[in-house]
Amino acid sequence: MLPLVLTVALALVQTGLLLRDRLLVESAARAAARAAAVYDDEAAIRAAALGAAPSLDDAAVGLTVERRGARGEPVTVSLRYSSSVRVPFVGWLFGSSVSMATSTTARQEYG
């Protein structure tokens, strides 16, 4: 019975870590959209996203900025993240990583 309880407990811990990463991904996308509304520089937009979620692995973050028109028109930031499974003994439940994606739209501001 103890191995089953331990496996369930470890799976719950991993689920909590994945939920935290999901919330960080959404926060990073919001920060990136806000930066994209003000700046045209892709490096500044990426820095804003990573600054809003410093515990995310920089190498696992994919960022795409799609602008429609000039200032006053929408800009959409799409963020993808591959969260690795960090808790031992539960990789068979989750796989080696879990992919997350979100997008946020903001209106480009006038300079």
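The buried residues of helix α2 pack against α1 (2-38), β1 (61-67) and β2 (74-84), in a predicted model where local features need pLDDT of at least 70, side-chain atom pairs count only at pLDDT 80 or more, and totals for chains, interfaces and linings use all residues. Residues are numbered from 1 along each chain as its sequence is written, and side-chain values use heavy atoms, leaving out hydrogens and water.

In α2 (residues 42-52), I45, A49 and L50 are buried (under 20% relative accessible area with a 1.4 Å probe, protein chains only; exposed is over 50%, partly exposed in between). Seen down the axis of α2, these residues fall within an arc of 130°, so they line one face of the helix; the arc is taken from the directions from the helix axis to the C-beta atoms. A43 and G51, on the other side of α2, are exposed. Helices (H or I, at least four residues) and strands (E, at least two) are DSSP runs, numbered from the N terminus.

The strands form an open antiparallel sheet, ordered β1-β2-β3; two strands pair if DSSP finds at least two bridges between them. Its edge strands are β1 and β3 (97-107), each pairing on one side only. β1 and β2 are joined by seven bridges, and G62 has R80 in β2 as its bridge partner.

T76 lies in strand β2 and is buried, with a relative accessible area of 9%. Its side chain makes polar contacts (N or O atoms within 3.5 Å, one able to donate a hydrogen and the other to accept it within protein, residues adjacent in sequence counting only if both atoms are side-chain atoms) with the side chains of R68 (2.9 Å) and T105 (3.0 Å).

How values were computed. Contact means heavy atoms within 4.5 Å.
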